[in-house]
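Thanks for sending this one over. Here are my notes as numbered points, to be read with the structure open.

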Amino acid sequence: MHTKNLTQLLDNDNEARSYFDALPEFVRETLMQSKGDISEISELKSCAQNLCGKGSK
């Protein structure tokens, strides 16, 4: 399934929603404010992992 943005992805993909909801709050907020288009769960996971890595250093 290909969606246009993160909001649509979260509304339409239960796996993506569960993954997103389990992320730390600062990661969720950053992803929601991001200008980049996250339209697939693989993009969501990649962006979240990058943010988590940056946040832990």
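By about how much of a helical turn are R17 and D21 separated in helix α2? The two residues are four residues apart in helix α2, so about one helical turn lies between them. Please keep in mind throughout that this is a predicted model.

1. R17 and D21 form a salt bridge, and their closest N and O atoms are 3.2 Å apart. Both partners count as partly exposed: R17 has a relative accessibility of 30%, and D21 has 43%.

2. A search of the whole structure finds two salt bridges. K45 and E15 form a salt bridge as well, with 3.8 Å between the closest N and O atoms. This pair links distant parts of the chain, since K45 sits in helix α4 (residues 41–55) and E15 in helix α2 (residues 14–22), 30 residues apart. K45 is partly exposed, at a relative accessible area of 29%.

3. **Overall layout.** Along the sequence the pattern reads α-α-α-α. Among contacts with a separation of 6 or more, 57% are between residues 24 or more positions apart.

4. **The nonpolar core.** Which residues have the most contacts inside the largest nonpolar core? They are L6, F20, L31 and L44, in a core of 13 residues. Each of α1 (6–12), α2, α3 (25–33) and α4 supplies at least two residues of this core. The largest share, four residues, comes from α4.

5. **A closer look at L6.** Leaving aside neighbours within four places in sequence, L6 is in contact with F20, L31, M32, I38 and L44.

6. **Burial and surface.** The protein chain has 57 residues, of which 28% count as buried. Its accessible surface comes to about 4,000 Å², and 46% of that belongs to carbon and sulfur atoms.

Technical notes
Residues are numbered from 1 along each chain as its sequence is written. This is a predicted model: local features need pLDDT of at least 70, side-chain atom pairs count only at pLDDT 80 or more; totals for chains, interfaces and linings use all residues. Side-chain values use heavy atoms; hydrogens and water are left out. Buried means under 20% relative accessible area, exposed over 50%, partly exposed in between (1.4 Å probe, protein chains only). Contact means heavy atoms within 4.5 Å. Accessible areas come from the Shrake-Rupley method with a 1.4 Å probe; for residues, only the protein chains shown count as cover. A salt bridge is a side-chain nitrogen of Lys or Arg within 4 Å of a carboxyl oxygen of Asp or Glu. A nonpolar core is a set of buried Ala, Val, Leu, Ile, Met, Phe, Trp, Tyr and Cys residues joined through side-chain atoms within 4.5 Å.
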